[in-house]
Amino acid sequence: MITVAIAEDHQSFIDGIKLLLEYEDDIKIVGTANDGEALLDLVRLKQPNVVITDIRMPKMDGITATKVIKKELPHIKILGFTMFDQKDAIKQMLDAGASGYLLKNSPLEEVLKAIRAVYNGNTYFDANIEIEAENDTNKKAKSILTKRQVEILNLVALGKTSREIADELFIGIHTVETHRKNMIRILGLQGKGELMRYALEKKYKF
Amino acid sequence: MAHLKNSGVIAKNGLLPAVEKLAKNASGINGLEFEVQSFGLDQRLDNSLEISIFRIIQELVTNIIKHAKATQGTIHITNHSDNLNIMVEDNGVGFNPKQLSKTKPGMGITSIDKRVESLDGKFTIESEISKGTTVIIDLPL
């Protein structure tokens, strides 16, 4: 029997996975948490075989929680679970000691595969992720976004409007809107909402 | 300054290499550094359009060198498939765009405005005193 703990600040995700695992004879959920600190308490108490953790969570993020768990209970396997396939985030999770990485938009069956893989001592990466974390340093240093765009992105993450961003950075509103439009294009996002979500994930300095 | 104009010859090799060369040549003058950010320019545009765009960017870069007293300039060229966005930013002294008179020749702005208009494009200047200037041009493709 594989015992599993899940940490995720969106309860509906937890409920979805719970529902899925209910019919698996070899996997049992021993507890769930909605933030990093609660996850630590849960893991210390139940000592599950596998932990699935979101990266962005209140109180303590998944990367920090992973580090603590791997230090205290190194035999526990950890799977990162997040919205974007950001290489920096993957790398930080792996550096922290995670055995695998799943995207939230992957089918639930992937979750099963991943749990079994890491339980058996293997690693697991979502098929949509290109693993080249090690080669990252060889890439050309030029970043995709300019300093100004990163500034704007940080303010987008705070929920500021274009007008507010323009006032804060002493630039015109048309400049802000054009940067937003260009960033959506450059990052391959689908619209304003996705830029906001991207900005929120980025806030964690991946 | 004069050799900057020669960069136009490179327009034969494509817009992006020409702009990058321009930015490189313009960097270092009065401590100014230019950066180019481009997206979706792997396909060549219509030759005359590329030359027009290059001339516009050249004029804007010249303005920054001559007037802006900036240390940083950024040239953005973003292909949105149905339109092309060009944005040139600097962190220089800025000016009050309302005081730009279309009848008074100056800063080559009028000629840029005319070029953009002939391409059915949209031309916006935003400037903040002592913070910098951004020129935004949207051209239909």
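Biologist: Say two residues are in contact if their C-beta atoms, placed from the backbone, lie within 7 Å; how many residues of chain A are in contact with chain B?

Modeller: 11 residues of chain A, and they touch 16 residues of chain B. Keep in mind that this is a predicted model: local features need pLDDT of at least 70 and side-chain atom pairs count only at pLDDT 80 or more, while totals for chains, interfaces and linings use all residues. Residues are numbered from 1 along each chain as its sequence is written, with chains lettered from A and ligands numbered from 1 in the order in which they are written.

Biologist: Which helix gives the largest share of chain A's side?

Modeller: Helix α8 of chain A, residues 173-186, with 6 residues. Helices (H or I, at least four residues) and strands (E, at least two) are DSSP runs numbered from the N terminus.

Biologist: New topic: what order do the strands of the sheet in chain A have?

Modeller: β2-β1-β3-β4-β5-β6, an open sheet of 6 strands with parallel pairing. Two strands pair if DSSP finds at least two bridges between them. In chain A, β2 (27-33) and β6 (124-125) each have a single partner strand, so they stand at the edges with one side lacking a neighbour in the sheet.

Biologist: And how many bridges join β3 to β4 in chain A?

Modeller: 5, between residues 50-54 and residues 77-82. One of the residues bridged there is A:Thr53, whose partner in β4(A) is A:Gly80.

Biologist: Which strands does α5(A) touch?

Modeller: β1, β2, β3, β4, β5 (100-103) and β6 of chain A; the direction of α5(A) makes about 175° with that of β5(A). Axes are lines fitted to C-alpha atoms, for helices over the stretch in contact, and angles run from 0 to 180 degrees between N-to-C directions.

Biologist: Which residues of α5(A) are buried?

Modeller: A:Val111, A:Ala114, A:Ile115 and A:Val118. Buried means 20 or more other C-beta atoms within 10 Å of the residue's own, with C-beta atoms placed from the backbone.

Biologist: Why do those four sit on the same side of α5(A)?

Modeller: Because they cover an arc of only 100° around the axis. The arc is taken over the directions from the helix axis to the C-beta atoms.

Biologist: What comes after α5(A)?

Modeller: A:Gly121, with a positive phi near 85°.

Biologist: Last one: what share of chain A is buried?

Modeller: 34% of its 206 residues.

Note on methods:
Buried ≥ 20, exposed ≤ 12 C-beta atoms within 10 Å, placed from the backbone.
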